[in-house]
Amino acid sequence: MSNRVQDVAIIGGGIAGPVTALALHKAGIRATVYESYPSTADGLGGTIALAPNGMAALEIVGAADAVRAVAEPAYRQAMAVGARRVAMPALAGVEPYQVVRRSDLYRILHDRATAEGIAIEHGRRLTEAREEGDRVTAVFADGSTVPADVLVGADGVQSTVRRLIDPDAPGPRYTGMLAFEGVSPFEVPEEPGTMTFAFGKRGYYIYWPALGGGTTFGVNLPHPRPMTIKEARAVPSREWMATLLDVYGEDVPGGELLRHLSAENLRVTGALYIMPPVPHWYRGRLVLVGDAVHAPSNSSGQGASLAIESAIELARCLRDVEDVSEAFAIYERTRRARVERIAARAAKINHAKAPGPVARALMPVIMPIFLKLVMKPEKTLGPDQRYRIDWPARPGHDRTR
Ligand SMILES: Cc1cc2nc3c(=O)[nH]c(=O)nc-3n(C[C@H](O)[C@H](O)[C@H](O)COP(=O)(O)OP(=O)(O)OC[C@H]3O[C@@H](n4cnc5c(N)ncnc54)[C@H](O)[C@@H]3O)c2cc1C
């Protein structure tokens, strides 16, 4: 009789959790998702840009078309330093980044899971996991328990499962920035489908013409300490607006985007964290996926896409490799080099996003060189965006990229 994994408990109903469940279902393995939030209500808000590799991975679980139907494609990217603008090179023959509202992405994944008969239980906060023989029991804050063959930690950057696997695991590193988003009635001159990464005098922001008119923008605010969404939302929007205007007021078009936006339409989307390399991706019957094990800085534009890829790779390994520790080892071997390479590069870019006075003065000089040397699209972006998972193939024989 096969000892293949039969049932999996997935902790976290964000992005990696439902995708893992869908991929396991496709592999013929039962999975249930346990999410601590009491409802599907989107706690974070904001938008997510899905890279071509992330979209290709979503294709495997049948969710890509539903995303495309509601997404705004970003066909072009540009970089602006003060008044100086440079068009960023793009890869030929890949689909554009697809920009979706986080709430739409959650809804699509949840609807898809429900359609496949996968349960997503809300109000279930995991606190502990007990392993006995070849079973693991998830213990929740309300005292309830759930037995499973495998427990997957898809519980985000503040992961509880990561600590259960290794109490000494590193925690997430705060980047020193809080993120805000809004749709300003101010119209920028750029063509629709153009995403601009702008270095202002004292900070960094990103903007693109919104499909329904106006301009969507995301702005990072240097802030000495991290805040939870709840704490940040307790601060009156007018106060945040005043602070943002202090940092970005003189930038073009940053200042105008903010001045045309009413304070109540400014949305705080969270403190930005990155994960340093995690020494142990799994232990016994517990394993990590998504931001819990690899959260690159948001400069990478790859966080969600890598989470989706890892979710699918994990399911592929559990489908084809009976021995759980061997399956986890192959999963880690397939994923670690890729996610750490992308995270390391994003960390460097992140550093340049909050330039000090000297770096700022040098930016107009550095930028063209930077673009020419570093942004050779095929060399730098090709391996990230052309990555495809060979779902039908047995894992373990892929080249690690
Ligand atoms: C402001 C901002 C902008 C971003 N923009 C982009 C972008 O443009 N493109 C991109 O690719 N990525 C972006 N990212 C990164 C992206 O959001 C993450 O990489 C992605 O959400 C990771 O998915 P996940 O499922 O691993 O984690 P999450 O989406 O964080 O989901 C984890 C889930 O686990 C639940 N949970 C936590 N603890 C427990 C517990 N103990 N029990 C049960 N449930 C629990 C949480 O409530 C949550 O729902 C951005 C991130 C931020 C903060």
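Author: What follows describes the boundary between the domains and then some features elsewhere in the chain.

This is a predicted model, in which local features need pLDDT of at least 70 and side-chain atom pairs count only at pLDDT 80 or more, while totals for chains, interfaces and linings use all residues. Residues are numbered from 1 along each chain as its sequence is written, and side-chain values use heavy atoms, with hydrogens and water left out.

The protein chain is split into domain 1 (7–77 + 95–172 + 275–352 + 375–400) and domain 2 (174–196 + 205–271), with bounds that come from an automatic or database domain assignment. Taken over C-alpha atoms, the centres of domain 1 and domain 2 are 28 Å apart. At the boundary, 16 residues of domain 1 are in contact with 19 residues of domain 2, contact meaning heavy atoms within 4.5 Å. The area buried between domain 1 and domain 2 comes to about 1,300 Å², and carbon and sulfur atoms give 46% of that area; buried area here is the accessible area (1.4 Å probe) that two parts lose on being put together, summed over both.

Between domain 1 and domain 2 there is one salt bridge, a term for a side-chain nitrogen of Lys or Arg within 4 Å of a carboxyl oxygen of Asp or Glu. E191 forms a salt bridge with R76, and the closest N and O atoms of this pair are 3.5 Å apart. Eight residue pairs are in polar contact between domain 1 and domain 2, both residues being at pLDDT 80 or more; a polar contact is a pair of N or O atoms within 3.5 Å, where within protein one must be able to donate a hydrogen and the other to accept it, and residues adjacent in sequence count only if both atoms are side-chain atoms.

On the side of domain 1 that touches domain 2, strand 4 (72–74) and strand 5 (76–81) each supply at least two residues, and strand 4 gives the most, with three residues. Helices (H or I, at least four residues) and strands (E, at least two) are DSSP runs, numbered from the N terminus.

Elsewhere, V252 and P253 are joined by a cis peptide bond with omega of about 5 degrees, and P253 is found in the loop between helix 7 (237–248) and helix 8 (254–259).

The structure as a whole holds 25 salt bridges. R135 forms a salt bridge with D7, with 2.9 Å between the closest N and O atoms. Because R135 lies in strand 10 (residues 135–140) and D7 in strand 1 (residues 7–11), the pair ties together parts that are 128 residues apart in sequence.
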